[in-house]
Amino acid sequence: MSILSSSLSRIKPSPTIAVTQKARELKEKGVDVISLGAGEPDFDTPDNVKEAAIRAINSGDTKYTAVDGTPKLKEAIINKFKKENGLEFSKDQINVGAGGKQVIFNAILSTINPGDEVLIPAPYWVSYPDIVLLAGGTPKIVICDEKDEFKITSQKLKKNLNSKTKWIILNSPSNPTGSCYSKDEIDAIADILKDYPEVMVMSDDIYEHVVYDNFKFYTIAQNKNVTDRTLTINGVSKSYAMTGWRIGYAGGPKDLIKAMAKIQSQSTTNPSSISQAAAVEALNGDQSFIKDRSDAFKERRDFVVSKLNKINGIECLNPQGAFYVFPSCKGCIGKTHSELGEIKNDTDFVSKLLESTGVAVVQGSAFGLEGFFRISYATSMTNLEKAVERISDFCSKLS
Ligand code: PLP
């Protein structure tokens with residue numbers, strides 16, 4: 001008899017973490033690996049943020065805090081939402097967890113009953129479907145087309161909504177595609193949702209600050225049709241290069257926030273007091289480095305997209321945000337590598353690429369769309385130059 005629960009059999013380990021782990025193991029064996037698998041900025045946490053954490057330690061700010069966030073951090077979050085997004089929240093409308101992931105987990109776990117559907121546009125962030133499955137719900141995956149920049153259209157949304165739909169999850173800028181929804185696109189979605197007042201909206205805005213080309217970020221809670229039933233998720237991981245600190249947050253309806261805190265109170269209790277103090281500084285302190293870092297990411301995006309589009313068999317859109325691109329490798333599938341044999345699908349493409357060149361990327365099927373792969377360009381230009389050269393070499397050996 002297995003000691004493991006049946007709910008465990010519904011989910012799989014995160015494929016992006018698996019790739020990063022495999023790349024790490026190969027590196028330890030001495031292989032010259034370039035990992036483009038990880039979803040984290042290569043920049044360091046800003047000094048003022050680190051200093052705030054040190055001050056917290058030295059001043060004894062090292063005890064349990066309120067379960068779903070300190071009053072100071074909640075205030076900083078409320079100010080952020082007001083200043084940057086024009087959204088109004090009170091403290092009992094804010095949840096702070098150990099990363100955006102825990103906040104999403106809290107929300108899904110506290111709302112899903114068996115049979116409930118969560119509408120997830122694909123390609124999606126790998127954890128959404130598995131969190132829904134773990135909660136006993138049904139992920140309803142809606143495949144989005146490359147011609148629509150991998151975004152869900154209002155027609156597709158309408159076709160897939162029904163009486164079982166509990167949530168729709170939106171993620172802009174997107175992991176894995178980097179695509180961003182414009183205000184018009186978001187408003188069109190909100191317009192459809194007007195006819196489905198029971199459907200909750202989860203807007204995962206974790207890459208809000210990583211946008212280029214003067215893209216004007218807009219979040220769906222700003223649309224009055226859905227403000228009252230939207231949970232707006234954000235965090236300091238990506239914007240402030242604080243992935244290891246584990247602070248994410250959300251603003252939303254009071255009842256939902258209360259339920260989320262209840263779940264959190266019986267799992268992790270509060271996120272680290274020290275990380276919360278650091279997050280206060282991140283949100284309230286100097287923001288000028290965000291622009292500098294976005295400029296650096298933009299330079300890398302421009303480089304990667306232009307080089308990839310010169311490779312035979314690869315085609316890549318030019319997304320406006322996050323630090324990912326999601327090129328098609330359909331032109332390589334079915335071809336034969338001179339040493340490694342036939343490329344059967346995208347998973348085969350990425351595993352042969354890793355084996356032959358040491359470049360680690362993640363197959364599109366892990367994100368719900370076959371025939372593509374994800375590159376995270378949150379690494380140095382030197383690494384990116386080497387990586388695209390190797391991808392190009394690899395593809396030139398296909399016939
Ligand atoms: N949402 C998206 C789209 C992400 O890509 C990630 C992390 O990769 C998260 C949420 C969770 O971020 P964290 O838990 O590190 O705050």
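1. Let's start with Glu88. In this predicted model, Glu88 has a relative accessibility of 57%, so it counts as exposed, since the cut-off for that label is over 50%. The side chain of Glu88 meets that of Lys82 in a salt bridge, with N and O 2.8 Å apart. Lys82 has a relative accessible area of 45%, so it is called partly exposed.

2. Now have a look at Lys50 and Asp44. These two form a salt bridge as well, and their closest N and O atoms are 2.6 Å apart.

3. Next up is Lys156, which pairs with Asp145 in a salt bridge whose closest N and O atoms are 3.4 Å apart. This pair links distant parts of the chain: Lys156 sits in helix 6 (residues 154-160), and Asp145 is in the loop between strand 4 (138-143) and helix 6, 11 residues apart. Lys156 is partly exposed at 22% relative accessibility, and Asp145 is partly exposed at 30%.

4. Time to zoom out to the domains. The domain assignment gives domain 1 as 6-44 + 289-396 and domain 2 as 60-284. Their C-alpha centres are 26 Å apart. Domain 1 puts 37 residues into the contact, and domain 2 puts in 35.

5. What about the interface itself? The size of an interface is often given as the accessible area lost when the parts come together. Between domain 1 and domain 2, about 3,100 Å² is buried, and carbon and sulfur atoms give 60% of that area. The interface of these domains also has two salt bridges across it, and 14 residue pairs in polar contact.

6. Which parts of domain 1 touch domain 2? Helix 1 (15-28), helix 10 (288-308) and strand 9 (324-325) each supply at least two residues to that side. Helix 10 gives the most, with seven residues. By type, the residues on this side of domain 1 divide into 20 nonpolar, nine polar and eight charged.

Methods:
Residues are numbered from 1 along each chain as its sequence is written. This is a predicted model: local features need pLDDT of at least 70, side-chain atom pairs count only at pLDDT 80 or more; totals for chains, interfaces and linings use all residues. Side-chain values use heavy atoms; hydrogens and water are left out. A salt bridge is a side-chain nitrogen of Lys or Arg within 4 Å of a carboxyl oxygen of Asp or Glu. Buried means under 20% relative accessible area, exposed over 50%, partly exposed in between (1.4 Å probe, protein chains only). Helices (H or I, at least four residues) and strands (E, at least two) are DSSP runs, numbered from the N terminus. Domain bounds come from an automatic or database domain assignment. Contact means heavy atoms within 4.5 Å. Buried area is the accessible area (1.4 Å probe) that two parts lose on being put together, summed over both. A polar contact is a pair of N or O atoms within 3.5 Å; within protein, one must be able to donate a hydrogen and the other to accept it, and residues adjacent in sequence count only if both atoms are side-chain atoms. Ala, Val, Leu, Ile, Met, Phe, Trp, Tyr, Cys and Pro count as nonpolar, Asp, Glu, Lys and Arg as charged, and the others, Gly among them, as polar.
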